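Please keep the sequence and the 3D view at hand while reading.

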Amino acid sequence: MKRILITGAGGQIGSELVTSLRKRYGADAVLATDIRPLSNAVCDSGPTAILDAQDQDAVAQTTVEHGTDTIFHLAAILSAVGETNPGLAYKINMGTLHSVLEVARLKKCSVFTPSSIAVFGPATPKENTPQNTVMRPTTMYGVTKVAGELLCDYYHKKYGVDTRGVRYPGLISYGTPPGGGTTDWAVDIFAQAVRKNSYSCFLKEGTTLPMMYMPDAIEASIQLMEADPAKLVHRNAFNVTAMHLNPQTLAKEIKKHIPTFKIEYEVDQNLESIAQSWPRTIDDSAARLEWGWSPKYDLADMTEEIITELSRST
Ligand code: NAD
Ligand code: AKB
């Protein structure tokens, strides 16, 4: 990786990935793009462009102008928004990925595309979900993520494009608000705990999902793209996880820092049924074996850091 283009750089992951990649590869090497205007922090720290990743000609032109060799393709519609507008999720998730893969094939770029635990469905084993298992999701988001994994594998096998990806679990961060997913509660709970001392949760107290703190997610993406290709058996996409959380567990940990914090439940049945269709715990041994994946943060480290940072800025 020398010259990097990021699509969807204004989102929850992109806004933090831009900073890490710019620190590692130099500010000018990392072009942050999104369909909407990017934050001042992203614009002030390096090159940016407005780019609709569905527009293959525009992606090709931007890729060439920047001298790109690696694309981190983050533009997407997430699960909760995707279920309110499945047609849009299909159009954006498949359209942007196809356009990016075509440009990568023609301009000889490597591509990182995040997949998700949403590739799994009700028929998948819920505990210690294996790397290779049943993938029959029941959300449009999940359908596009399974199709995306297959498309990335196809471009690798058929055209030799260096495609790689991870199946992120729910990602927890405090910088940029999440973009409309079923796991957004685990981000919102921190902001509300610090601001209001209380949180009304849209999932049931015992609904457990795989989760990860953002610095680990960023490290996973970069580490995979820097890994020796000869060691990669799976490519699209690796199970990765760091912790397994439900609202009750996270609320209990937050109370250690904010003893007066209160959580209540106003369950959204649509989101609850999406969460129920996903794994509770994940087996990420393939990622550990093939490229040395290992998360740094556990629940206690993450909670302490987020509450400290949010308290400082509130
Ligand atoms: P997000 O919703 O926060 O950001 C997505 C960004 O894509 C937004 O800034 C949006 O403006 C942009 N975008 C939408 N349509 C676009 C288009 N046509 N062209 C260019 N940009 C466009 O999402 P995120 O949480 O940062 O997720 C990034 C990727 O990671 C997605 O593929 C998502 O499925 C995957 N993922 C995220 C999580 C998570 O918990 N955040 C978990 C698993 C997988
Ligand atoms: C979502 O909830 O849609 C995302 C994901 C797990 O893919 N956070």
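Predicted model: local features only at pLDDT ≥ 70, side-chain atom pairs only at ≥ 80, totals over all residues.

## Ligand 1 and its surroundings

Ligand 1 is surrounded by 29 residues, and the closest of them are Gln 12, Asp 34, Arg 36, Tyr 141 and Lys 145.

Polar atoms of the protein lie beside oxygen atoms of the ligand. A polar backbone atom of Gln 12 is 2.8 Å from an oxygen atom of ligand 1. For Asp 34, an N or O atom of the side chain is 2.6 Å from an oxygen atom of ligand 1. For Tyr 141, the distance from a side-chain N or O atom to an oxygen atom of the ligand is 2.5 Å. Ligand 1 taken alone exposes 830 Å², of which the protein buries 93%.

## Which parts of the chain form the shell

Which elements give two or more residues to the shell around ligand 1? They are the helices α5 (86-107) and α6 (140-159), together with the strands β6 (115-116) and β9 (170-172). By class, the shell holds 14 nonpolar, 11 polar and 4 charged residues.

At least three residues come from domain 1 (4-170 + 213-239), and at least three from domain 2 (171-211 + 242-281 + 296-313).

## Ligand 2

The residues around ligand 2 are Leu 78, Ser 79, Ser 116, Ile 117, Tyr 141, Gly 181, Thr 182, Thr 183 and Trp 278. The shell around ligand 2 is made up of 4 nonpolar and 5 polar residues, with no charged residues.

An N or O atom in the side chain of Ser 116 is 2.6 Å from an oxygen atom of ligand 2. The side chain of Tyr 141 has an N or O atom 2.7 Å from an oxygen atom of this ligand. With Thr 182, a backbone N or O atom lies 2.7 Å from an oxygen atom of ligand 2. Taken alone, ligand 2 exposes 250 Å², and the protein buries 93% of that.

## Aromatic pairs

The count of aromatic pairs comes to 8. One of them joins Tyr 154 and Tyr 159 edge-to-face, at 6.2 Å centre to centre and with 80 degrees between the planes. Tyr 154 is partly exposed, with a relative accessible area of 41%. Tyr 159 is partly exposed as well, at 38% relative accessibility.

The rings of Phe 238 and Trp 291 have centres 5.7 Å apart and planes at 80 degrees, so this pair too is edge-to-face. It links distant parts of the chain: Phe 238 belongs to strand β12 (residues 238-239) and Trp 291 to helix α11 (residues 285-291), and the two are 53 residues apart. Phe 238 and Trp 291 are both buried. Elsewhere, Phe 72, Phe 112 and Tyr 168 form one aromatic cluster.

## A helix residue and a loop glycine

Asn 93 is part of helix α5. Is Asn 93 buried or exposed? At 8% relative accessibility, Asn 93 counts as buried because the cut-off for buried is under 20%. The side chain of Asn 93 is joined to that of Thr 144 by a polar contact of 3.1 Å.

Gly 67 sits in the loop between α3 (56-66) and β4 (70-73). Its relative accessibility is 43%, so Gly 67 counts as partly exposed. The C-alpha atoms of Gly 67 and Ala 29 are separated by 9.1 Å, although these residues are 38 residues apart along the chain.

## Backbone features in loops

The loop between α8 (214-226) and β12 contains Ala 237. The peptide bond leading from Asn 236 to Ala 237 is cis, with omega near 5 degrees. Arg 235 is placed in the loop between α8 and β12. Its phi is near 65 degrees, a positive value in a residue other than glycine. Arg 235 is buried, with a relative accessible area of 8%.

Asn 197 has a positive phi, near 70 degrees, and is a residue other than glycine. It is located in the loop between α7 (185-196) and β10 (198-201). At 30% relative accessibility, Asn 197 counts as partly exposed.

Definitions and conventions
Residues numbered from 1 in each chain as written. Chains lettered and ligands numbered in written order. Heavy atoms only, no water. Near = heavy atom within 4 Å. Polar contact = N/O pair within 3.5 Å; in protein donor to acceptor, adjacent residues only side chain to side chain. Areas by Shrake-Rupley, 256 points an atom, 1.4 Å probe, with all protein chains shown as cover. Helix = DSSP H or I, 4+ residues; strand = E, 2+ residues; numbered from the N terminus. Nonpolar A, V, L, I, M, F, W, Y, C, P; charged D, E, K, R; others polar. Domains from an automatic or database assignment. Phe/Tyr/Trp six-rings, centres within 6.5 Å; stacked < 30°, edge-to-face > 60°. Buried < 20%, exposed > 50% of the residue type's maximum accessible area, 1.4 Å probe, protein only.
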